[in-house]
Amino acid sequence: MAENNSNNYSSKVLMQTWHSYAKKIQLDANSIILGQEKAIKLIVISLFARGHVLLEGGVGVGKTTLLQVVTKLIGGEYERVEGTVDLMPNDIIYHASINNEGKPNISNGPLLKKGEDLSIFFFNEINRARPQVHSLLLRAMAEKSVSAFNKDINLPNMVVFADRNQVEKNETFELPAAARDRFMMEISIQAPKEKKLRDSIIFDSKFQDTGKLVQDIPTPKFDCKELNKVSVAIQNNIQASSHIKEYVENLWLATENPKKFDIEIKEVDMNDFIVAGASPRGMIMLIKAAKVNAWINSREHIEPIDIDYVFHEVMAHRLVINRIYENNRIEILKQFSKEILLKVPTPELD
């Protein structure tokens, strides 16, 4: 009993210490990357929930810079790979070359280069890579390890971010539903709408040299390798009431059978809209993300607002819908998420 009390005390001290770090990471990121407040908070939530992320957004909106900034702010190591049709699984693990003596040379590829220090691995345009590459990445995401050089190499601190090219569809291999389900969230990164922010991005010279922006970020005073322990502490200590559990169950049912909750979307046949609702993994990730959001907001229990805040980003990408709606998938699923949160009764707080 004394040992359990000691462990609980240690977990709460860890959570309290890291709470200020999480707020500072979020604040500093917002001062460097303009107009991405929600995206930044969702990325921070994903990191503390140890969940992988799909990024959605056009070319040149700052996805790479954002991830480099967050990596530097948490004190970790960053690597990236570009998805191309000729990329092979081994290209991620090792590089083969000829050295100055004319002999073959093997060096670690981007996934292994930083070893256990790797914090964020960015796979740009993942749907340009072949399914064999997806398979290797999904195993690394699930097991936090890869087999290479006749041994298993662990990547315990890695979180994967992947961007899908949503515009150019030639020579692409779209991620199947089972692969999308491995990602905790899909987060939208869009150019800011506010004129003041747009003017700053265009005319303030400090935003023109993204390399210097990242380089000037000071090394934090904490060890990002503690993130796994912090995440476990959050999940063990943030609680969910019986009312919240019933609410989440109804949200799950609504993704499977929207007609049961009178959910309607203009020009969509709701009888034939959903092919497959959220998976059990998806619901687990919803609660993990909601617990982190509650913790960031200094609460010890999940409230409906915590679930609502992350609901669309956790749910939308993993839903399987009728193929006739795929061309308008993003906008239709935004409306679907809004309707679910509107129609499913919100529980009263205990």
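Student: What lies nearest the centre of the largest pocket, and how many residues line it?
Tutor: The largest pocket is lined by 45 residues, and Glu-56, Glu-186, His-312, Ile-330 and Lys-334 lie nearest its centre. This is a predicted model, where local features need pLDDT of at least 70, side-chain atom pairs count only at pLDDT 80 or more, and totals for chains, interfaces and linings use all residues. Residues are numbered from 1 along each chain as its sequence is written, and side-chain values use heavy atoms, with hydrogens and water left out.

Student: What counts as a pocket or a cavity?
Tutor: The search runs on a 1 Å grid over the protein atoms alone. A cavity is a set of points where a 1.4 Å probe fits but cannot get out. A pocket is an open set with protein on both sides within 12 Å along at least five of seven lines. Lining residues have an atom within 4 Å of a point.

Student: What volume does the largest pocket have?
Tutor: About 1200 Å³. Volume here is the space filled by probe spheres set on the points, with grid points joined across faces, edges and corners.

Student: Which element gives the largest share of that lining?
Tutor: Helix 13, with seven residues. Helix 12 and strand 9 (185-188) are among the other elements giving two or more. Helices (H or I, at least four residues) and strands (E, at least two) are DSSP runs, numbered from the N terminus.

Student: And how does the lining of the largest pocket split by class?
Tutor: 18 nonpolar, 11 polar and 16 charged. Ala, Val, Leu, Ile, Met, Phe, Trp, Tyr, Cys and Pro count as nonpolar, Asp, Glu, Lys and Arg as charged, and the others, Gly among them, as polar.

Student: OK, what about the second largest pocket, which residues lie nearest its centre?
Tutor: Leu-34, Gly-60, Val-61, Gly-62 and Ile-201, out of 18 lining residues. The space is about 360 Å³. Helix 7 gives the most to this lining, three residues. By class, the lining has 11 nonpolar, six polar and one charged.

Student: How many cavities of 30 Å³ or more?
Tutor: One. Residues lining the largest cavity include Arg-50, Asn-157 and Cys-224.

Student: New topic. At what angle do helix 10 and helix 12 cross?
Tutor: Roughly 25°, with the axes coming within 12 Å. Axes are lines fitted to C-alpha atoms, for helices over the stretch in contact, and angles run from 0 to 180 degrees between N-to-C directions. Helix 10 and helix 12 are therefore roughly parallel (angles under 35 degrees).

Student: Which residues make the contact?
Tutor: Among them are Tyr-247 and Leu-251 of helix 10, and Ile-307 and Phe-311 of helix 12. Contact means heavy atoms within 4.5 Å.

Key: Parallel < 35°, antiparallel > 145°, perpendicular 65-115°, else oblique.
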